[in-house]
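Please look at the sequence and the structure below before reading on.

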Amino acid sequence: MSPRRGPRVTRRGFLIGTAVVGVGAWVGWRFGVPAGRLAIARALDGAAPPGGIEAPPDAWIEVTTAGVTLYLAKVEMGQGIHTALAQIAAEELELPLDRLAVRSAPTDRGLDDRNGTGASASVSGSWGPLREAAALTRAMLRAAAAEAWGVDASGVVADQGRLVHRERPGETLAYEDVADRLDPEAAPDDVPPFKAKGAYREIGRARPRVDLAEKLAGTGGYGLDARMEGMRYGAVARPPRLGARLAAAAPGGAREVPGVTDVVIEDGFAGVVATRRSAAAKGVAALDLTWEGPETPVTQAAVDAACTVRGDEDPGAGVVVQRDGDPTRALRGRTDVRASFRTAMAAHAHLEPQAALVHVAEDRVEAYVATQSPTLVRDLLADATDRPKEAVSVTATWLGGGFGRRLNVEVATDAARLSRASGVPVHVAWTREEEFRHGYLRPPVHNVLEARLEDGRVAAWRHRQASGDVAFPFLPAAAQPLLGADFGAWRGATSPYGGMARRATVAERVELPVPTGWWRGLGLLPNVFATESFLDELAAAAGADPLAFRLAHLNEDEDDVQRRLAGVLRAAAEAADWGGPLPAGRGRGIATSVDVGTCVAQVTEASFADGAPTLHRVVVAVDPGVVVNPDGVRAQVEGSVAWGVSSLLHEAVTLEDGRVAPGNFDAYAIARASDVPDVEVVILEGDDVPHGMGEPPLGPVAASIANAVVAAGGPRARSLPARWT
């Protein structure tokens with residue numbers, strides 16, 4: 001009898017967790033639990049992107065007499081992923097991008113995306129399988145034309161959407177002309193060679209967004225826009241405080257509300273179906289509900305006290321996730337710099353609230369959901385409706401922002417329960433208040449760092465980090481004791497500087513009475529804020545230039561990632577005129593990070609007066625490997641800078657009266673356009689495969705700004721959001 005809408009195990013999390021359980025059990029048995037956990041942490045830190053989608057070419061690409069359509073399981077939520085993936089497909093298809101239609105794939109199309117759209121892995125994870133699907137389709141098109149002409153396939157060339165007779169170049173067929181001759185069952189066993197980088201026509205070029213025209217015209221569909229014939233609107237009762245459970249429910253006066261057609265009360269669930277959304281909301285307000293628990297309301301003070309590094313009182317607390325040498329012994333003799341940093345809880349604050357339209361029919365479930373993981377939603381709906389997965393079709397709509405919140409979409413199961421009970425399609429959309437108060441949050445984070453310097457270099461570095469859960473709520477229970485610490489929470493906490501003599505990072509898990517989970521970049525922003533701020537403090541203590549100090553601790557000749565990291569540091573510094581003259585009162589700050597294989601460095605130029613900074617200029621150098629769409633890369637960087645500025649200046653969720661205090665944007669500030677400076681982007685390609693681009697640029701933003709404030713004569717920021725007065 002639990003109405004809890006908290007996180008649950010996702011398929012992606014299940015797969016990660018299952019792998020961790022298997023590998024961790026073996027490593028733990030072989031080397032002992034601490035060594036096993038360290039080995040798993042190292043593997044996760046350097047892991048390849050989540051695996052791609054295994055599907056036949058015709059699941060991705062449909063060629064008909066009307067044209068060529070690319071179906072994508074990765075979801076468009078404003079990040080431009082459909083454009084980048086379309087460029088990859090068009091490249092291998094030998095098809096102009098404007099002749100390729102792009103559609104969201106329903107789950108019953110065969111593109112079983114086990115990972116959803118997250119982890120900045122859409123391009124890096126799809127790079128291989130999508131190129132294979134397109135190259136195989138190109139081969140089948142050539143074979144179909146060869147059959148039409150009665151020649152060998154080697155006598156046909158695919159060129160910009162045309163199939164050209166090699167010996168009679170004036171004789172051509174459009175792809176659409178041979179659509180009826182294509183046989184998906186006759187796809188070649190061997191993938192044809194991919195195009196050489198020097199022959200690219202689409203990849204590496206700034207292309208307009210494929211969804212731009214529909215968005216400008218307002219003809220595309222978000223979750224809030226989804227409609228079906230005969231549909232009605234639903235609303236569901238939510239607990240009045242954190243941890244409360246529905247003990248009893250009765251219709252009360254709901255059935256008398258004009259427009260209400262059904263009242264649905266099941267185990268731990270109470271909702272209303274109506275002809276209008278407003279009537280559904282009034283119906284829920286008229287229900288007779290009894291809530292129970294918790295005995296003591298959850299308080300902000302309790303959360304803050306719980307999320308505190310315990311290392312001083314309990315040296316054995318936490319899990320070692322990085323260790324080179326023995327910094328603890330070195331720090332016993334002398335600690336030169338010690339610092340502490342905190343980051344507050346935050347909301348996802350996307351503009352479009354959760355929304356889903358679900359029709360539970362006798363033999364089929366059809367759903368349109370604003371979700372980052374349609375495959376997960378399909379599985380949830382199959383469970384909720386007692387239907388086989390094969391009978392459930394979920395199509396992801398466009399998303400008005402995701403940021404990790406839509407990897408789990410409770411609204412879809414709410415709509416399914418109401419639809420099954422009422423027998424009609426039901427659309428449920430959360431209100432803004434539901435969105436703020438009944439989802440999950442970015443957990444609070446506490447970082448404590450200590451270091452010893454010798455001869456102007458870091459001789460010992462120890463980092464302790466405490467955080468609420470990020471990934472753990474979505475993993476199988478067996479994975480948690482093996483890992484000991486949540487890899488999502490310590491993302492970005494390990495030091496990338498191989499030139500440090502001794503270094504260690506310890507992650508402490510904090511179990512909180514507040515639902516926490518995926519949030520853009522996971523722990524990347526708060527942890528890099530701490531480590532790169534602390535590195536500036538060390539540079540100051542050593543009397544060194546912050547850029548030179550960082551470069552001095554990178555082993556460029558021994559490690560490819562550190563070589564690329566040094567590359568972005570130098571590129572950002574050069575573009576920002578690091579060391580050059582500045583107007584009076586201004587300072588420059590630099591910071592860097594590595595995330596999912598992408599290296600980022602940022603230089604911020606800022607001044608500080610009356611307790612607040614003014615951001616004049618931000619220069620970001622990024623090395624994401626192969627760049628599919630430079631304009632998309634720039635957009636991702638600009639968006640991340642805005643996100644980082646928002647966290648640095650404004651974003652914090654607090655608790656009041658046992659519930660999340662902010663219920664709308666009037667009580668939860670985010671960055672305004674006037675807060676965000678001009679952003680200059682320098683793009684490097686230091687690798688021959690694409691890495692992630694969504695979240696990595698978020699890493700150094702807060703630290704770079706905080707370091708610039710200090711350089712401008714302001715105080716050191718010790719918290720996010722920063723409070724300088």
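The sections below describe a sheet, two cis peptide bonds and two residues with positive phi in a predicted model.

## The six-stranded sheet

Six strands form an open sheet with mixed pairing, in the order E12-E20-E19-E18-E13-E27. Its edge strands are E12, residues 319-324, and E27, residues 719-720, and each of these pairs on one side only.

Strand E13 covers residues 337-343 and runs parallel to E27, with two bridges joining them. Within this pair, Thr343 stands opposite Leu720 of E27.

## Cis peptide bonds

Leu720 is also part of a cis peptide bond, the one joining it to Pro721, where omega is about -5°. Pro721 belongs to the segment after E27.

Another cis bond leads from Gly293 to Pro294, with omega near -15°. Pro294 is located in the loop that connects strand E11 (288-292) with helix H8 (300-306).

Glu94 is not a glycine, yet its phi is positive, at about 60°. The residue sits in the loop between helix H4 (81-93) and strand E3 (100-104). Glu94 has a relative accessible area of 13%, and because the cut-off for buried is under 20%, Glu94 counts as buried.

Gln160, likewise not a glycine, has a positive phi of about 50°. Its loop lies between strand E4 (156-159) and strand E5 (162-165). With a relative accessible area of 28%, Gln160 is partly exposed.

Notes:
Residues are numbered from 1 along each chain as its sequence is written. This is a predicted model: local features need pLDDT of at least 70, side-chain atom pairs count only at pLDDT 80 or more; totals for chains, interfaces and linings use all residues. Side-chain values use heavy atoms; hydrogens and water are left out. Two strands pair if DSSP finds at least two bridges between them. Helices (H or I, at least four residues) and strands (E, at least two) are DSSP runs, numbered from the N terminus. Buried means under 20% relative accessible area, exposed over 50%, partly exposed in between (1.4 Å probe, protein chains only).
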